[in-house]
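Hi,

Here is the model I promised you. Have a look at it first, and then read on for what turned up.

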Amino acid sequence: MNLLGKVLGRLPLLRFPIILSLFLIMLPVSYLSLAQISDGINDRLHFSARLEEASRLELEANTLFSKAELFARGDPRVAAKDVQLALDLLWSRVNVMGTKSYRKVQADDDLDEALIGELLGAMPRLEAAVNTLQPGVAGSYRGVDLFATQYRERVIAFSDAANKARRQRLNMAVQTQLQSVTNLKRIQIAYVALGVIAVVYVLVELFLTRRLNRRLNESIEEKHELLCTDHLTGIGNRASFEDMLRTLKAISGADFAVIYFDLDGFKQVNDTLGHGMGDMLLKHVAAILLAVRQSDHAFAFRFGGDEFAVVLTGNRETARHYAARAVQKIAAPATLDANVVQVSASAGYSHVEDLRSVEPVDALMRNADLALYAAKSAGRNCVQSFNAGLLIEYERRTYLEDALSHAIVEGAVEASFQPVFDLQSRRLCAVKVVPRWSHNAYGAIAPAEVMEVADSINQGAALLLSLLRSTFNLLGRLTTQAELRIYAEASENLFSQPGFAQSLFELLERHRVGPGHLQIELTGKRSATYGEAFLASIRSLRDAGVIFATSDVSRAIDSRNRLANLDFGTLKLERTLVEEATRSERSRGIIQGLSAMAVKMGAEVIAEGVDRREDVERLQRLGIALGQGDALAPAMTPDDLLRYLAGWAGPSVVAFRR
Amino acid sequence: MLSMTKSLAALAVGLALTCTTALASEPYFTIRSADGAKTVEITAEAIEKAGSVTFKTTLPGTDGEELHEVRGPLMQSLLDQAGFASAEYVAVALDNYEIDVPAEDFATLGAIAAVEVDGKPLTVRDKGPTWIVYPRSDNAALTDPIYESRSVWQLKELVAK
């Protein structure tokens with residue numbers, strides 16, 4: 001049973017060898033059979049011809065004897081040459097009969113072998129007898145007659161035996177022929193059977209191969225589908241999305257759009273309600289995207305995380321409508337597993353018409369991404385269409401990002417200085433350093449943007465350190481710098497970067513910058529938690545005498561500051577607030593309030609954007625300590641600053657630029 | 001007188017009888033169409049005119065495997081000369097042995113009408129005066145019994161079918 005199972009199990013592998021060996025066996029078998037049949041035919045020809053000739057011996061002998069007799073009797077029908085010819089023929093026959101192959105046949109068939117030998121010896125005697133024949137002389141026949149008498153009986157017996165043997169041989173031949181036909185038929189049947197087996201074999205192989213191929217294809221399809229499906233939500237994944245774009249791309253003139261969705265607040269759901277709830281929310285959103293599908297063809301995909309995409313056919317308006325409906329539905333509170341969850345979504349879309357003629361369809365992905373980014377910047381929970389401005393801005397931004405690292409290293413980003421004055425004492429008490437970068441293609445880039453771009457490409461620390469190094473070098477050339485403080489801005493996340501605080505610390509040491517001489521304003525996004533690295537940086541820099549500033553009230557009053565020992569020595573009034581103070585009582589009230597708060601916090605207040613003379617006086621009246629702006633002093637290059645400072649007799653001299 | 005006449009006659013017969021080879025006027029064999037409409041006698045002149053080839057071969061109906069030098073015109077040459085172009089012929093011997101011979105044996109296999117073996121003109125006693133001989137020493141395929149049966153000796157007649 002086990003063995004049978006093994007053999008059956010190997011049958012697929014044995015099929016071909018079995019067929020091949022059948023053919024290999026069949027070939028010699030049929031060859032031998034056919035050779036046998038052909039030999040039989042040759043044998044028959046051999047024997048038949050010789051026996052027939054043997055049987056003619058009697059006829060030829062009798063012809064000679066009767067012609068000789070007739071000639072001797074003077075019969076006019078028989079001429080001497082006829083007798084001679086008969087003799088020649090008989091002689092020739094006897095000669096032939098005497099050859100080996102003929103003798104062998106005679107021996108095989110029990111003919112009177114001795115006869116031929118005797119006749120050969122007797123032929124000259126017969127010839128002599130024939131030569132004595134005389135026409136019309138009956139007695140001249142005597143010699144031939146004697147010969148005839150001597151041999152006639154034996155010749156007749158010889159011929160009869162030959163005839164009999166020939167008949168027997170013929171009968172045998174018929175038998176053999178029948179056998180041969182049977183054999184041939186068997187071979188034929190065997191070949192037909194073998195042919196049928198071969199055909200069946202080929203068909204089976206074909207069938208099996210096709211079945212195998214089909215299975216293979218099916219499993220490939222299955223795998224493909226699996227690979228193209230987002231496991232969580234069951235909608236397509238990024239691979240299938242790109243596949244879809246390629247498909248649509250191949251259809252020239254296809255009218256379609258790509259929409260990107262990003263959930264706002266998904267992280268909070270995940271963090272507060274758990275991943276299970278997060279997953280349910282993602283499924284919920286996928287269901288909405290599928291449900292919004294109307295008459296048009298729309299295909300939904302998830303890229304991972306909370307990023308979704310939809311490809312839909314139709315015009316730009318269809319896309320906008322779809323995106324708006326989806327965003328609206330996602331923003332509605334959803335009851336998931338007895339929890340009411342509310343998130344919103346931002347959507348950006350780009351229609352195929354947005355593509356410039358040379359752009360590949362893939363550019364739609366970038367466009368949709370830009371639109372999504374714009375939607376998020378515009379406050380989330382909204383839909384933004386792609387427009388050419390976004391692309392121009394994107395390209396400019398990309399260009400700046402690419403160029404800035406080099407610019408910092410090569411010193412192309414220079415320091416620019418804005419003097420800061422004590423509004424009460426009217427003394428110059430600080431300079432604020434900002435980056436000044438003039439780009440060939442885009443002209444002068446605003447300092448805020450340079451800093452922001454630097455942060456985004458992780459070059460914020462390098463930029464700040466570079467600016468401070470230039471500044472310290474510059475001021476090191478002055479003899480009267482003791483009272484001059486340096487103001488700079490740094491994104492909050494820099495303090496979490498390893499090595500930043502240390503580099504800054506070393507820079508202060510090297511230039512012997514005393515405590516209270518460097519003030520850094522924390523800008524940028526506030527982190528949700530203060531990390532270990534951040535706290536350590538703040539601590540070490542504060543110990544080194546660095547003063548921190550902010551323009552962000554919430555940052556200033558953040559309760560975590562207490563834990564981090566983060567004191568803000570300066571509160572900055574934004575330029576917009578200062579400008580509004582001119583015409584807005586409310587703004588003036590806010591300034592007063594902030595100023596009062598700063599006093600309570602033990603912090604100085606500095607006003608930015610003091611560009612008009614009346615601003616100076618108003619701020620003085622409002623009790624603001626410090627100011628910076630065109631009404632006090634313009635932004636300066638390093639050389640300008642040196643000249644400007646040289647004009648001051650000493651740090652205590654205060655004069656306003658008129 | 002009578003006896004002298006008789007003896008003269010006997011001499012004449014004897015002369016006639018000893019002269020066994022064909023006379024100059026006597027044909028070697030004839031070629032004719034089956035319906036008898038055309039008959040061509042192959043005489044010594046005809047054989048001379050057709051030219052002859054010589055080759056060495058074993059011969060059927062003889063002992064041993066020794067080679068004999070045979071000479072005679074190509075059957076095809078004789079047929080061309082006599083103006084026959086049948087697809088098949090019947091070769092008939094003096095002893096009335098008959099066999100079908102396809103024309104291609106003459107056209108492609110080089111069968112000759114041998115009139116001389118080992119330099120001696122063939123007589124009836126040694127299978128003459130004409131013997132269809134295949135050059136079977138040059139071509140093993142010709143040793144097949146079928147060609148032996150077509151190697152007609154004492155050829156009397158070739159009948160174009």
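Helices (H or I, at least four residues) and strands (E, at least two) are DSSP runs, numbered from the N terminus. The length of α13(A), residues 460-476, also works out: 17 residues at 1.5 Å a residue should span 24 Å, and the end C-alpha atoms are 24 Å apart. The expected span here is 1.5 Å times one less than the number of residues.

Before going further, the ground rules. This is a predicted model, where local features need pLDDT of at least 70 and side-chain atom pairs count only at pLDDT 80 or more, while totals for chains, interfaces and linings use all residues. Residues are numbered from 1 along each chain as its sequence is written, chains are lettered from A and ligands numbered from 1 in the order in which they are written, and side-chain values use heavy atoms, with hydrogens and water left out.

Still in chain A, Ile19(A) sits in helix α1 (residues 2-72) and is buried, at a relative accessible area of 12%. Leaving out residues up to four places away in sequence, Ile19(A) touches Ile197(A) and Tyr201(A); contact means heavy atoms within 4.5 Å. Ile19(A) and Ile197(A) are 178 residues apart along the chain, yet 7.9 Å separates their C-alpha atoms.

On to chain B, which has 5 helices and 11 strands. Of its 161 residues, 45% are buried. Among contacts in chain B with a separation of 6 or more, 61% come from residues 24 or more positions apart.

Now the interface: 20 residues of chain B are in contact with 29 of chain A. About 2,100 Å² is buried between the two chains, 57% of it from carbon and sulfur atoms; that is the accessible area (1.4 Å probe) that two parts lose on being put together, summed over both. The rule finds 3 salt bridges across the interface, counting a side-chain nitrogen of Lys or Arg within 4 Å of a carboxyl oxygen of Asp or Glu. One of them joins Arg125(B) and Asp88(A), at 2.8 Å from N to O. On the side of chain B that touches chain A, α1 (2-18) and α5 (145-150) of chain B each supply at least two residues, and α1(B) gives the most, with 4.

Cheers

Terms used:
Buried means under 20% relative accessible area, exposed over 50%, partly exposed in between (1.4 Å probe, protein chains only).
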